[in-house]
Amino acid sequence: MKKIGVLFGMENTFPGALVERINSMHLDDIVAEFVQVGGVRLDKPPAYSVIVDRISHDIPFYRAFLKHAVLHGTTVINNPFWWSADDKFFNYSLAAKLGVAVPPTVILPHKHYPEGTTERSMRNLEYPLDWEGIFEYIGFPAFLKPVDGGGWRDVYHVHNREELFRAYDQSRDLCMTLQGAVKFNEYFRCYVVGQEKVRIMPYDPRRPHAERYVLDPPQYDKKLLKRVEQDARKLCKALGYDLNTVEFAVENGIPYAIDFMNPAPDADLHSVGPENFKWIVDAVAELAVKKANTAKDVAGEFHWGAYLSAGAEKNSAKKASAKKKASAKKKSAKVSSKIEAGIVSE
Ligand SMILES: Nc1ncnc2c1ncn2[C@@H]1O[C@H](COP(=O)(O)OP(=O)(O)O)[C@@H](O)[C@H]1O
Ligand SMILES: [Mg+2]
């Protein structure tokens with residue numbers, strides 16, 4: 001019997017609904033449950049074929065357990081190696097390379113020295129910073145936010161240099177990004193599941209927290225929605241996330257990718273609403289079952305690249321072998337037609 005485990009923190013609605021949904025499929029060889037974990041032993045492979053991880057970003061013990069699980073063949077949604085390697089500035093940089101619109105963005109050196117470092121540790125840093133050049137590139141208003149943030153923590157909306165310096169002074173030893181503000185009309189949060197399925201959710205970040213998902217949206221331009229969908233998928237494919245939300249702020253019809261490092265996205269019934277909730281529970285349940293059914297093996301490939309693509313390499317290997325087969329078939333068809341025409345002999 002294969003097990004799908006759900007690892008979660010304070011959330012209440014999604015984990016239970018996911019377990020219930022998978023078990024309601026009544027599959028012969030797959031069962032879902034909440035993960036149980038204690039002292040993790042080197043010599044005991046974890047009992048799960050798939051783990052849906054909603055919390056390891058907050059709990060290093062869980063992250064270490066999940067990396068060990070991947071090494072033993074568990075597929076983790078999302079891949080803990082990718083997630084550990086990721087940050088917002090890399091995301092923006094990648095988006096720009098992929099041709100997805102992003103606002104002008106810089107990262108800034110830490111305002112306060114990280115613990116255990118001194119002025120002497122910082123001798124590679126330009127001082128003073130070229131603030132004029134930075135302001136010219138970014139413009140105002142702007143957002144100052146952590147490179148490794150989430151949940152709107154330490155996010156500052158600044159309208160001029162005085163506000164920026166005040167916010168920067170409060171940023172402690174965090175690494176901060178400064179980003180031009182998108183003056184948006186529309187704003188979307190998109191669930192992307194399995195790097196394929198996309199659900200676009202109109203969202204208004206200016207409203208109070210509980211009312212942000214717009215449940216009675218206006219009609220949007222179809223072309224805009226198509227681009228949002230394609231860009232969201234493109235980003236998640238490149239990032240290797242199987243579950244993510246991608247946020248776009250739309251100015252003059254251009255969707256700017258704002259935040260797409262949400263590998264444990266909000267999936268609470270009370271914030272996303274019943275329809276979005278049903279969609280995400282169904283989509284993640286189907287994905288987890290699909291992953292449980294796809295046996296995979298990272299053993300024997302002990303290098304980081306293998307872990308970063310763990311859970312995906314089987315597919316690409318399959319595709320490559322299908323391609324090979326198709327081209328062999330084509331070749332043999334060509335050869336046999338040539339034989340028929342008397343051009344070659346076998
Ligand atoms: N460049 C931007 N333009 C407009 N709004 C922004 C921009 N950056 C952030 N915001 C606003 O701030 C919120 C939090 O920023 P975000 O990058 O999503 O951080 P977090 O990861 O903490 O959610 C966004 O949902 C959006 O409302
Ligand atoms: Mg966000």
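The model is a predicted one, in which local features need pLDDT of at least 70 and side-chain atom pairs count only at pLDDT 80 or more, while totals for chains, interfaces and linings use all residues. Residues are numbered from 1 along each chain as its sequence is written, chains are lettered from A and ligands numbered from 1 in the order in which they are written, and side-chain values use heavy atoms, with hydrogens and water left out.

**Ligand 1 and its shell**

- Around ligand 1 there are 18 residues, of which K88, K145, W152, V182 and D259 come nearest (a residue is near if one of its heavy atoms lies within 4 Å).
- This shell is made up of 9 nonpolar, 4 polar and 5 charged residues, where Ala, Val, Leu, Ile, Met, Phe, Trp, Tyr, Cys and Pro count as nonpolar, Asp, Glu, Lys and Arg as charged, and the others, Gly among them, as polar.
- Nitrogen atoms of the ligand take part in polar contacts (pairs of N or O atoms within 3.5 Å): one is 2.9 Å from a side-chain N or O atom of Q179, and a nitrogen is also 2.9 Å from a polar backbone atom of V182.
- An oxygen atom of ligand 1 lies 3.1 Å from a polar side-chain atom of Y187.
- Ligand 1 taken alone exposes 540 Å², and the protein buries 97% of that area, as computed by the Shrake-Rupley method with a 1.4 Å probe.
- Two or more residues of the shell come from each of the strands β6 (142-146), β8 (176-180) and β12 (254-259) (strands are DSSP runs of E with at least two residues, and helices are runs of H or I with at least four).

**Aromatic pairing**

- The count of aromatic pairs comes to 14, with ring centres of Phe, Tyr and Trp (its six-membered ring) within 6.5 Å, and planes under 30 degrees apart counted as stacked, over 60 as edge-to-face and the rest as tilted.
- W131 and F135 form a stacked pair, 5.6 Å centre to centre with 25° between the planes.
- Because W131 and F135 are 4 residues apart in helix α5 (residues 131-138), about one helical turn separates them.

**Backbone features**

- Most residues other than glycine have a negative phi, and most peptide bonds are trans.
- The peptide bond joining I77 and N78 is cis, with omega about 5°, and N78 lies in the loop between β4 (75-77) and α3 (80-85).
- A cis peptide bond also runs from Y127 to P128, with omega near -5°, and P128 is placed in the loop between β5 (105-108) and α5.
- W152, in the loop between β6 and β7 (156-158), has a positive phi near 65°.

Technical notes: A polar contact is a pair of N or O atoms within 3.5 Å; within protein, one must be able to donate a hydrogen and the other to accept it, and residues adjacent in sequence count only if both atoms are side-chain atoms.
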